[in-house]
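The following exercises concern a predicted model. Please work through each task before reading its solution.

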Amino acid sequence: QIIMTKEIILIVLLINGELSLPSFPFEGTAHECMAYGNQLRIEYATYDDERNAWFLNDGSGTWHGFYCN
């Protein structure tokens with residue numbers, strides 16, 4: 001059975017300590033959504049080896065993942 005998703009939700013911790021869950025419309029399979037989430041992570045964040053974290057390129061916070069809904 002193919003599971004379809006309707007949106008992707010990012011999990012971001014802002015510098016001020018607030019949790020942000022921005023969502024974007026997405027139509028596709030769960031597998032396609034997971035691939036798109038990985039693409040967004042690479043596009044919007046950069047990994048810092050010393051701090052072992054993904055930091056958003058705009059400096060607003062840290063990337064903690066995503067989920068498909």
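**Exercise 1.** Determine the handedness of the link of Cys33 and Cys68, and state where each of the two cysteines lies.

*Solution.* The angle about the S-S bond is -100°, and the link of Cys33 and Cys68 is left-handed. The S to S distance of this disulfide is 2.1 Å, where a disulfide is a pair of cysteine sulfur atoms within 2.5 Å. Next, Cys33 belongs to helix 1 (residues 30-44) and Cys68 to strand 6 (residues 61-68), so the bond ties together parts 35 residues apart in sequence. Helices (H or I, at least four residues) and strands (E, at least two) are DSSP runs numbered from the N terminus. Finally, Cys33 is buried at 0% relative accessible area, whereas Cys68, at 23%, is partly exposed. Buried means under 20%, exposed over 50%, and partly exposed in between (1.4 Å probe, protein chains only).

Residues are numbered from 1 along each chain as its sequence is written. In this predicted model, local features need pLDDT of at least 70, side-chain atom pairs count only at pLDDT 80 or more, and totals for chains, interfaces and linings use all residues, while side-chain values use heavy atoms, leaving out hydrogens and water.

**Exercise 2.** Describe how strand 4 and strand 5 pair.

*Solution.* Strand 4 (residues 45-48) and strand 5 (residues 53-56) are antiparallel, with four bridges; pairing requires that DSSP find at least two bridges between two strands. Within strand 5, Phe55 stands opposite Thr46. Four residues separate the strands of this hairpin, and Asn52 in the turn has a positive phi of about 50°.
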